[in-house]
Amino acid sequence: MTDMQKTSLAERLAARFGDTLKISVVRNETSAELAAADLLAVATALRDEPGFRFSELVDLCGIDYLGYGQVEWDTETVSGSGFSRGVEGEAMGRFDWADRPRGVDQPRRFAAVIHLLSIEHNQRLRLRVFCEDDSLPIVPSVTGIWPGVNWFEREAFDLYGIVFDGHPDLRRILTDYGFVGHPFRKDFPLIGNVEVRYDPEQKRVVYEPVTSVVPRVLVPRVIRDDADLLQAQAEAADDWRRN
Amino acid sequence: MAQEIRNYTMNFGPQHPAAHGVLRLVLEMDGETIVRADPHIGLLHRGTEKLAESKPFNQSIGYMDRLDYVSMMCNEHAYVKAIETLLGIEAPERAQYIRTMFDEITRILNHLMWIGSNALDLGAMAVFLYAFREREELMDVYEAVSGARMHATYYRPGGVYRDLPSQMSQYRESPWHKGKDLKRLNSWREGSMLDFLDAFTDDFPTKVDEYEELLTTNRIWKQRTVGIGVISPEQAQAWGMTGAMLRGSGIAWDLRKKQPYAKYAEMDFDIPVGVNGDCYDRYLVRVEEMRQANRIIKQCVKWLKANPGPVMVENYKVAPPKREEMKESMEALIHHFKLFTEGYGVPAGETYAAVEAPKGEFGCYLVSDGANKPFRVHLRAPGFAHLSSIDPIVSGHMLPDVVAMIGTYDLVFGEVDR
């Protein structure tokens with residue numbers, strides 16, 4: 001234990017796994033990026049070795065990095081033409097199926113993010129595994145190491161279409177029986193593809209293309225590079241407000 | 001003559017009073033014994049995480065209440081904490097005490113709901129009625145600070161929406177509340193909300209005694225829970241269990257102690273731990289948690305009474321300026337307009353913020369690309385991880401034990417399905 005207190009988790013990870021892990025520490029949170037091929041060996045070591053003992057897998061989720069940093073409102077060039085400028089609803093989710101963004105050149109779109117917890121050492125670790133192939137994202141399943149990940153992997157499969165190789169029962173979990181598509185992908189419209197209604201003539205519930213909702217933008221997605229917060233803190237420190 | 005006996009499949013829920021909402025369980029049975037349990041979830045899936053991606057940060061706080069809709073403010077806490085981490089801001093001390101207090105009020109609310117419904121599932125009707133009597137008082141506290149009995153949207157990045165009210169709401173005279181009855185109902189409500197909570201916390205331990213008297217030594221209750229759904233500590237960790245499910249199996253793990261947030265480091269309280277890891281131990285753990293939560297509330301009330309102060313950061317990019325100020329200051333008006341039309345940008349990065357919600361670890365994994373809306377929000381719901389373990393745990397048990405097990409998981413489908 002004395003050894004443990006001297007070295008940080010990041011240092012121990014680097015010493016044990018070397019180049020296999022790309023380690024970063026931001027705001028006291030340790031993250032490591034690794035290749036899908038190394039996942040099983042690293043995960044087993046992380047669970048079993050006395051220096052790590054990540055006995056619990058707290059969370060696993062998918063991410064779709066399509067459109068990362070994409071905005072709907074251009075704040076750089078003009079400001080003369082008011083709200084309507086550039087607000088076209090092209091960011092994630094704000095389109096219907098016909099106008100969905102395609103062919104975006106984005107190497108490695110999908111990732112699975114795992115959060116581990118070591119109860120013994122009171123430590124957390126985040127692992128990120130990018131999927132090599134965008135059209136068929138595959139990550140090895142860690143159900144053999146932490147059985148509790150079963151449903152989390154099913155969820156990531158259901159919502160993002162990430163295939164977990166070796167999963168014993170990779171079915172959809174949250175969406176409807178017979179659902180088509182992976183709804184949390186960024187190229188899946190927020191309004192969905194089909195809507196249901198009861199058809200009195202056929203006397204049953206029918207699925208139809210969405211017509212009752214139109215995709216629209218209420219608040220455009222915007223990234224501003226001015227240091228908003230620093231400025232605000234300076235303003236708050238200023239006492240003009242109290243005069 | 002040899003007779004062939006076949007296993008049969010039974011459908012449990014989604015319309016079943018013991019299914020706690022919309023759980024559909026497909027049970028493969030060998031007579032009365034469970035061979036395999038396959039839960040079908042997602043009937044309450046609303047795509048909260050995707051919806052949050054399409055809205056400015058603040059507009060999704062209300063969605064958090066609707067996840068685990070019996071422990072509302074704890075969910076808000078995780079989300080707000082994640083945003084605060086990325087923004088690099090910290091709520092004022094008073095706001096943190098208020099959050100600690102309301103987290104514990106929420107814990108009692110949740111456990112009261114749990115004890116009532118679990119007892120109801122296992123055939124003890126009366127507990128439900130007793131539990132809801134106290135729940136009503138605490139709902140009034142929710143209403144006093146936020147205007148809503150359940151979906152409060154009270155926590156905000158940078159603090160809480162407003163300070164505690166100086167006057168607790170009172171019952172009016174009506175055909176149902178009048179005379180001596182009305183006077184008794186209003187006797188705690190003469191002063192401020194904190195006075196009301198003071199009176200409540202003085203009284204609450206005797207109320208917990210009442211529930212315990214109904215259940216703890218009750219023969220039927222023990223027959224239904226002792227030795228049922230035993231989870232070993234190794235199993236609990238392998239299945240990603242947290243909260244009372246983990247503590248019931250003898251592991252003293254509580255984020256409030258191990259990774260303290262808000263003002264838990266300053267609080268004096270104990271962590272109850274079970275021994276056998278069965279439904280009965282988890283019942284005892286949760287009952288004791290109510291008593292400990294009561295202690296924490298008491299300490300918070302004492303501090304809050306003595307220390308007035310701001311409850312929101314003075315950062316007008318994140319928190320709205322005061323109404324009076326907007327009448328005079330153009331800056332304030334601009335900030336107000338910007339905040340409520342566009343919101344605020346959160347610096348690019350990712351974080352995982354977890355709180356000890358009544359059901360276990362409720363986490364929020366937030367990825368921002370610098371925009372005014374989150375790029376990805378993932379909500380780690382304790383019930384989701386717990387329910388996934390139902391198959392290995394109930395296999396070999398009898399059918400009625402499934403009901404005991406669903407009860408002890410403390411499931412709410414708002415968070416399981418998200």
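## Second largest pocket

In this predicted model, the lining of the second largest pocket comprises 13 nonpolar, 11 polar and eight charged residues. The space in this pocket amounts to about 940 Å³. It is lined by 32 residues, of which A:Arg27, A:Asn28, A:Glu29, B:Lys81 and B:Tyr352 are the closest to its centre.

Elements of both chains give two or more residues to this lining: α2 (9–17), β2 (29–34), β4 (110–118) and β5 (123–130) of chain A, and α3 (72–87), α4 (93–121) and β6 (349–357) of chain B.

## Largest pocket

The largest pocket holds about 1,100 Å³ of space. Among its 39 lining residues, A:Thr175, A:Asp176, A:Phe179, A:Pro183 and B:His45 are the closest to the centre. By class, the lining has 20 nonpolar, 10 polar and nine charged residues.

At least two lining residues each come from β8 (194–199) of chain A and from β3 (33–40) and α1 (48–53) of chain B. The largest share, three residues, is supplied by β8(A).

Over all chains, the structure contains 23 aromatic pairs. One of them is the stacked pair of A:Tyr65 and B:Phe375, with 6.0 Å between centres and 20° between planes. This pair crosses between chains: A:Tyr65 lies in the loop between β3 (56–64) and β4 of chain A, and B:Phe375 in the loop between β7 (360–368) and β8 (376–380) of chain B. Both A:Tyr65 and B:Phe375 are buried.

Ring pairs join A:Tyr65, A:Tyr68, A:Phe130 and B:Phe375 in a cluster. Over the face of A:Phe130 lies A:Arg108, 4.5 Å from the ring centre. In chain B, the charged end of B:Arg256 is placed over the ring of B:Tyr264, at 5.9 Å from its centre.

How values were computed:
Residues numbered from 1 in each chain as written. Chains lettered and ligands numbered in written order. Predicted model: local features only at pLDDT ≥ 70, side-chain atom pairs only at ≥ 80, totals over all residues. Heavy atoms only, no water. 1 Å grid on protein atoms, 1.4 Å probe; cavity = no way out; pocket = protein on both sides within 12 Å on 5 of 7 lines; lining within 4 Å. Points joined across faces, edges and corners; volume = space filled by probe spheres on them. Helix = DSSP H or I, 4+ residues; strand = E, 2+ residues; numbered from the N terminus. Nonpolar A, V, L, I, M, F, W, Y, C, P; charged D, E, K, R; others polar. Phe/Tyr/Trp six-rings, centres within 6.5 Å; stacked < 30°, edge-to-face > 60°. Buried < 20%, exposed > 50% of the residue type's maximum accessible area, 1.4 Å probe, protein only. Lys NZ or Arg CZ within 6 Å of the ring centre and 35° of its normal.
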